[in-house]
Amino acid sequence: MSYIKNITDGFGTAATGMKFTLKHLFSPNVTVQYPNTNPYTEISAVDKIPDRARNRLLLDPDICNGCTSCARACPVDCIEIDTVKVIANDPDQPTLSDGTKRRLWLAKYDINFAQCCFCGLCAAACPTEALKHTTVFDYCTYDVNDLLYHFSTMTPEQIAEKKKLLADEVKAKAAAAAAAKSEN
Amino acid sequence: METTYYIYNLIANSTTELIAAVIVAIIPLLFILPYALVAIYGELKISAFMQDKLGPMRTGPYGLLQPIAEVFKLLQKEDITPDAADKPLFNIAPVLIFVGSYAAFAVIPFSSYFAPSGLNVGIFFAMAISSLAVIAIMMGGWSSGNKFALLGAFRSVAQIVSYEIPAAMAVLGIAAMANTLNINTIIESQSGWFWNWFLFGGQGGIEKIWVIPFTVVMCVIYFISSLAECNRTPFDLVEGESELVAGYATEYSGMKYAMFYLAEYANMFVAAALITILFLGGWSSPLGDILNGPIWQLAWFVIKTMSIVFLQIWVRWTLPRIRVDQLMFVCWKVFLPISFVCFLAMALARMVQ
Amino acid sequence: MNETKKIIEYSQIDSDRMRINVGPQHPSTHGVFRAEVEIDGEIVTELVPHIGYLHRCFEKHCEKRNFHQIVPYTDRLDYVSSMNNEWPYIMAVEKLAGIEVSEKVEILRVICAELNRIANHELCVATFGLDCGAFTPFLWLFRDREFALAILEKLSGGRLLYNYFAVGGMQKDIYPELKKDIKAFVKRVRETVVEVNNVLTYNKIFVNRTANVGILPKDVALSYACSGPVARASGIDYDLRKNEPYSVYNRFDFKTSVIREGEERHGCVGDSWNRNWVRVLEMEESCKILEQAIEILPEEGDVTAGIPKKVKVPKGEVYAHAESPKGEMGYYVVSNGKDIPERCRCRSASFVNLACLPDIVRGTMFADMIVILASIDIVLGDVDR
């Protein structure tokens, strides 16, 4: 008896399965033809890349105050920051967008996206919201070195000039301190 | 059947018999190649739609050129022969498997006006020659020098040889009912409306109704056995991807792999054509004498056969794979006894007639 | 002495037996698991598992990173259920630092974990079917898993590696349509489960392939310290969400999906079919929890407020565990008072569950070995860490 039941079960369940696959044969499909459809605008709300998506990082160098908390928060050390102190009476001392004076020149701000793990800890650590994740995800390159992004807007000459100014100031301060000492 | 050699006679009358023979032999090949492209494309698209995706879309409009692109891809791939392989056998196997499936086309009548050969023992020939695939798979699997390939070959031999028997029982039943082994005669004895098909018990009045369940069951058995002989899911444990990587074809690449691929689709067609011939009335129109010209017969034959091919694809993308001991169980303990019973019933029906 | 022993061993080897390397490059070892299999015809006589191809020194990394920085690393252990990996770690650190979190955070954590549990089980059932040769349900389930991932991406910003849990809170607040999305998702999951059950789970071929295959008896499961669906399929009533209700799980009404003697639908207690069936049942239970959780999830409240800039942890050690989809996931964290842990030991479910494989595979067929491996549901990132 179980022999016959097994046979009918086998055909019965196979037929049920085939009924479902036939139903799907005529149901709408869900493929997103990615390079042909824009993943930001042209697709349904489910497949759309959400605004929170943690993809390529973007730094606004005008807001960044060079505090390096992002580099310290990074678990894979993919952010490299180099800063130069702004001297007290710099001729073109800029103002940050939050109104405070800039204390550090951002000589170097490199993010290596070949290393980045997109965890979002840097953006969470940033006190000024200068570093943010964007939704841009398709930025692959043929050369791995192209994934090293330089966000600093300063030219080497400017950096050298600011460094010289700082050195001068330090020297002047040291001289002043020495003079003060000798006076004592 | 005097019209079977219509094309052959047409050519032979204007040229020589040799040229006619060659041309008639080449016509199935001219059919297989475009058919394989259509079947590959169909399989890709049908499976994709069943899985709620689109399938190939980037080669040509709606991915129509995808099978051609795949053929070119396989053509330009490096042809690797492993060091551990037995080289002559390894190289012959893909040719042999294709020869087997191509030779079976020799007796398949596409229309009452065209069959490459109107052999008197046509159905017997088709059964015999399609078993050549076993030898080819065994050769390929064993000579690869790969353990997965060897296991695949073992399974293949066990599977194909076993499933020949229920298939042969089905053929025997039909042969008994039609009283012949000649394919054209088998088809002719199903002519008329579709209830004259052997699926529905063949010619006869209302009194044949008791034999219909047996013939339907026989048709199902033959269909499933042919799936097993073509190594299609749920019987694809010869090349079962998740277990044996690619089974007997693990070490093959490039054009040799393409030969296996082509042979699989050609085999599918042969199996479907045999079901059409044996149970669905072959080229004869289901509507009696309506739409029953030579060209219409070709159309009917291709439509019927392609429906069976669709059924094969549909089954493949629904069912999981069976295990090797269950495969043997199904063959020897389920199909064989049932096919014996059905054969007896069909023979009885012949006697009653 | 050694030589003679060797000769005897070799002479005893049955010449019919064949040694096959399954993996690390094999379609169904779920990654880079390598099994050295000795087969006699089709029967597996011995299986020696080799792991470590995906070892990434998680525990050593933890000794160089501060408590916040470890969270992205925990994501990468069991990369198909990252939320469930983060949670026990966060629990351990919070327990050690004595941080209390708000009710909203707890409920949000439950929602994330259950969403991810459904995603994980969908993946597991899908690949289980794939290993049995059914390709179509695999893609249906993958499509559905996409909706779970979409919700989690909208929440956290990551699609697979979320880094959403933080010590003392969550990285981001909920988004407005969360409840609507989850309702739609739960409806969808239920529909798909019905379809997949009909096409795959109840299919006679599938039942024959998996029922009564790879039976893991209760005592063996206990002695191997199996947990999660593997243990529950063997009749062990062990679900941390019920047995030691952490977080707010005691507020939800749900069942533990245990297969008990005499209640099995197909096969017997502890076989592959029931391991898969437990996962199917758990999807439904997770749906229930999700439905209840979105009812009591408060809209107001800042989930990011409690995150300390620097986690101040006293000296001490703590073990915290949670029910991940694969089983019991636990972290043993030792602190010496600095903001970097001295030791962070991880107890992962896949690794422990995998240990029983050689035992239950012996004597089954080669094709069954693949099925059993798939039914244990390992992720190599979790095994090798």
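This is a predicted model: local features need pLDDT of at least 70, side-chain atom pairs count only at pLDDT 80 or more; totals for chains, interfaces and linings use all residues.
By class, 11 nonpolar and two polar residues make up the contact of α6(B) with α7(B), and no charged residues take part. Helix α6 covers residues 132–143 of chain B, and helix α7 covers residues 147–178 of chain B. The two pack at an angle of about 165°, with their axes 7 Å apart. An angle over 145 degrees counts as roughly antiparallel, and α6(B) and α7(B) are therefore roughly antiparallel to each other. On the α6(B) side, the contact is made by B:V134, B:I137, B:M138, B:G141 and B:W142. These meet B:A149, B:L150, B:A153, B:F154, B:S156, B:V157, B:I160 and B:V161 in α7(B).

Chain C holds another helix pair. Helix α5 (residues 103–131) of chain C and helix α12 (residues 272–296) of chain C cross at roughly 155°, and their axes come within 9 Å. By the cut-off of 145 degrees, α5(C) and α12(C) are therefore roughly antiparallel to each other. The crossing in which α5(C) passes α12(C) is left-handed. In the contact of α5(C) with α12(C), 16 residues are nonpolar, four are polar and five are charged.

Is C:W277 buried or exposed? Its relative accessible area is 11%, and buried means under 20%, so C:W277 is buried. Leaving aside residues up to four places away in sequence, C:W277 touches C:N197, C:T201, C:Y202, C:I259 and C:R265. From C:W277 to C:P229 the C-alpha to C-alpha distance is 9.0 Å, although 48 residues separate them in sequence.

In chain A the subject is strands. Strand β3 spans residues 104–112 of chain A and is mostly covered, with eight of its nine residues buried. Which strands does β3(A) pair with? One is strand β2 (residues 79–85) of chain A, joined to β3(A) by seven bridges in an antiparallel arrangement. Within this pairing, A:I79 has A:I111 in β3(A) as its bridge partner. Another is strand β5 (residues 148–150) of chain A, which runs antiparallel to β3(A) and is joined to it by three bridges. Here A:N112 stands opposite A:L148 in β5(A).

Definitions and conventions. Residues are numbered from 1 along each chain as its sequence is written. Chains are lettered from A and ligands numbered from 1 in the order in which they are written. Side-chain values use heavy atoms; hydrogens and water are left out. Axes are lines fitted to C-alpha atoms, for helices over the stretch in contact, and angles run from 0 to 180 degrees between N-to-C directions. Helices (H or I, at least four residues) and strands (E, at least two) are DSSP runs, numbered from the N terminus. Angles under 35 degrees count as roughly parallel, over 145 as roughly antiparallel, 65 to 115 as roughly perpendicular and the rest as oblique. Contact means heavy atoms within 4.5 Å. Ala, Val, Leu, Ile, Met, Phe, Trp, Tyr, Cys and Pro count as nonpolar, Asp, Glu, Lys and Arg as charged, and the others, Gly among them, as polar. Buried means under 20% relative accessible area, exposed over 50%, partly exposed in between (1.4 Å probe, protein chains only). Two strands pair if DSSP finds at least two bridges between them. A crossing is left-handed if the near helix is turned anticlockwise from the far one by less than a right angle, and right-handed if clockwise.
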